[in-house]
Amino acid sequence: MGYVSLTDSDRSSMLEAVGVSSIDHLFEQIPAGVRFERALDVEPALAEAEITRLLEELAARNAHTGIELSFLGMGVYDHYVPAVVDMVLSRGEFLTAYTPYQPEMSQGVLQAIFEYQTAICELTGMDVSNASGYDGCTVAADACFIAKHATGRSKVVLAEAVNPMVRQVVKTYAPGFGLEIVEVPHRNGATDPDELGTAAADAAAVLFQQPNAFGVLEDAPALAAAAGESGALPVAHVDPISLGVLEAPGAYGCAITIGEGQGAGNFQSYGGPHYGFLAARANLIRRMPGRIVGETVDAAGRRGYVLTLQTREQHIRREKATSNITTNQTLLALGGLVYLSWLGPQGLVELGETCISLAEYAKERLGDAGFATVFSDQPTFKEFAVRVGQDAREVIRAARARGVHPGYALGRDYAGLDDALLVAVTEKRTRADIERLVEVLTAVAG
Amino acid sequence: MELIYEKSRPGRRAGLVPRPDIPRADVPPGLRRATPPRLPEVTEQELVRHFTALADRNFGIDTGFYPLGSCTMKHNPRVNERVANLPGFRDLHPLQEDEGAQGALELMWRLQRYLAEITGLPGVSLQPAAGSQGELTGLMLMRAYFTDRGEGEQRDTIVTADTAHGTNPASVTMAGYKLEKVATDPRGNLDLADLRTKVTERTAGLMLTNPSTLGLFDEGIEEVAEIFHGAGALLYYDGANLNAVVGRSRPGDMGFDIVHINLHKTFSQPHGGGGPGGGPIAVRDSIEPFLPAPQVVCDDDVFRLDHDRPKSIGRVRGFAGPFGVFVRSYAFMRAYGPELREMSEAAVLNANYLLARLRDVYDLPYDRLCMHEFVLSARNLKREHGITALDVAKRLMDFGIHPPTIYFPLVVPEALMIEPTETETKERLDQLVDAMRQIAREAAEDPELLRTAPHTRPVQRLDEVRAAKEPVVTHSFGTSAVSATGAEA
């Protein structure tokens, strides 16, 4: 049944070798009072063909971005994932390996993580990167934990224009970490550097997002400077896809840079699994959570790679560890490395240019049709907020009936924006797709 | 071998990006990047060859036997990969309206039902991203539960076993609790006398793996539960070793109030070289109101994400969890149905068979039948021949077998922790036995062969001290201290 390897004859010869008469005997160490005596109340086993049909039926009940023209974003994006990513990630040597505790068995994944760390540091302008975190939300909590211990302070300032889920996760972690959270409201879709600087007094970290949750391009260098003046660590949450055209946080003084890696090499997959990246200045390396791969040499002097600085980690330091993380998102981060290598530096620049150009085009065409952008004087990247004149959730429902998902209803997270849609435009959308969006929004909300 | 950055040449590229015929827009000049990131510039062919060469230098379950204790390295059925990559799952946006994600929500709801039945605990959250995040979530739930009862300040301590995974004490610290450790008795159970002195009105709960990291079921578990519940405290079950007991014993019936399940262990999500994982938690009704939001619920055959959970601890990660992992694990469970019990039975038989055939050549610190894994000690080889668990592990590589977990749990010196799983054939088990018996002979006859092992891998033993002393964690783009061919510059 299932994937069990033993034949009846194996079972009897193995039981004999063990010196017991039955399988039940092996389970006698479980006290009688806590043995489970009935059969599990679940559906009968299926053959592979039946499993496939069942899962195909479930998959068919989802409106995915291959059948519905989608402008959804807000943290997860329908960017193109090249075929070569599938090819590498389906190699069993990567797919079915454990964390590389034995480096002689795992040079492939160790070198790949080293190359990934390099790519993340190149993107962000940071000195050190870990091997990945769970997602773009949990790495924000990690960054706050690093900052608390690096500064000895316990206040964390979050710009309200940071993705709501990211802020929610930081707040969930805060009581255990002993963090006090202060939020700085957005002003017309952006964060005011003076206001952020005032709130940053005595803070361990100041977290802002570039581009922010509204797609707006913050004056990130001014925000980092305002945070830094008070001794708080400036932490930037960035979109990797933007980092061909937007300045690296390392170039404007950030101490830690984090982000959601999904758009760079992972499918949307209803929210996961994806990878979160976390990179920092060199002086923070011993406070970093999670795996870090380092270069070294073997007994013959050949270059090789190992998990390093493991004295930070839970399996060595236990209650004094910098984090409890063990399983991370290595395979997804590998997807990110393959993707970024496929794209190359020129490709990343062109991708950023294509996204911003398509988004500007969409903004203009919607404007022509009478849909004003919410924060009209703010520059944006690949995502922007637009007013639809009525409850955005109703507009989404009506537009979906016409085969278009027009975006995210910002009223779900922000007061006063019930009539606002957050529209994301990736390089997979075409000019004709944008015309279709305008046409459908005009029909349902014009 | 060379890094992909060392294969890079200016102007080469693999992928092209659409350049639509629309007016070109740009970011404000003050925000424009000055110097592009030095990403690799390679052709697609070289890209494929590079990662193929890296794959060749890596060892997975697909390559061979991987009896890494506590990690449950079982076969990863390929149908699970195929169905996880159906466009309806893979290309579904997580903020799609519930009406447009009924298939995904139903799958999650069904998975929750399976996990509730397997654990004997009715309330399930699929959100945690891995086992360690499940642990942290569990401890947050304890805090929320006690705060709700007005005991939040008073109960500030969590008890763990001295055999615990390192994640347990690390999670305790991250959750803001104090740590108390309890000893293991000579049979490998929790030392009840020690335990009684450590459970007080300040105790919030226990974190325990059962069977323990010694591969032994705690024979006093009912008394342990009574002690904690008697003191008003809760019990948390670290599900890392659930593969031993599915359909044979349920954490909820053992007295645990909160449990996490490692979908990447028991339910065959591939480990991916270090992730992704999935760490759902299941809880008693009394703790259900505090579970993370959103929750998948079903009203009249319509599925939805319920965000309106006033007592919830909040969200612990983005969206509703690592959905691709759920697809794989659900497909895996459906291949077994109620016979999941046979999965655990075979895992336990395989482990006991290995133990029976190895116990005369390696020390056995706890002489009992084991569950799905067991811990031997190489201290006899160390005492007699100066051969360590590390030497045994490295030599095993030369037999094409991944080493077991070594030096864990900490209570066993020179520990070799072996977990075969249910998917290995008897012939594979016999190969491991033959290899480990030969290594024990070699320890006496040719110890140097072991101390210099492995001899057949792409690299020999690596200098980990050097790596940690002056960490080199990124490529230096031309100023590297170590050349690609090995000689130091």
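## Model and conventions

This is a predicted model: local features need pLDDT of at least 70, side-chain atom pairs count only at pLDDT 80 or more, and totals for chains, interfaces and linings use all residues. Residues are numbered from 1 along each chain as its sequence is written, while chains are lettered from A and ligands numbered from 1 in the order in which they are written.

## Chain A overall

Chain A holds 14 helices and 14 strands (DSSP runs numbered from the N terminus; helices are H or I, at least four residues, and strands E, at least two). Its C-alpha atoms fill a box of roughly 80 × 50 × 50 Å along the principal axes.

Of its 446 residues, 66% count as buried (20 or more other C-beta atoms within 10 Å of the residue's own, with C-beta atoms placed from the backbone). Take contacts between residues at least 6 apart in sequence: 74% join residues at least 24 apart (a contact means C-beta atoms, placed from the backbone, within 7 Å).

## Strand S6

S6(A) spans residues 233–238, and six of its six residues are buried. Leu233(A), Val235(A) and His237(A) point one way. Pro234(A), Ala236(A) and Val238(A) point the other way.

## Neighbouring strands

S5(A), residues 203–210, runs parallel to S6(A), joined by six bridges (strands pair if DSSP finds at least two bridges between them). Leu207(A) stands opposite Val235(A). From S5(A) the chain passes through helix H10(A), residues 220–229, to S6(A) in a right-handed β-α-β crossover (clockwise from the first strand over the helix to the second, with the strands pointing away from the viewer).

S7(A), residues 256–260, is also parallel to S6(A), with four bridges. Here Gly259(A) is the bridge partner of Val238(A).

Notes. A residue is buried if 20 or more other C-beta atoms lie within 10 Å of its own, exposed if 12 or fewer, and partly exposed in between; C-beta atoms are placed from the backbone. Two residues are in contact if their C-beta atoms, placed from the backbone, lie within 7 Å.
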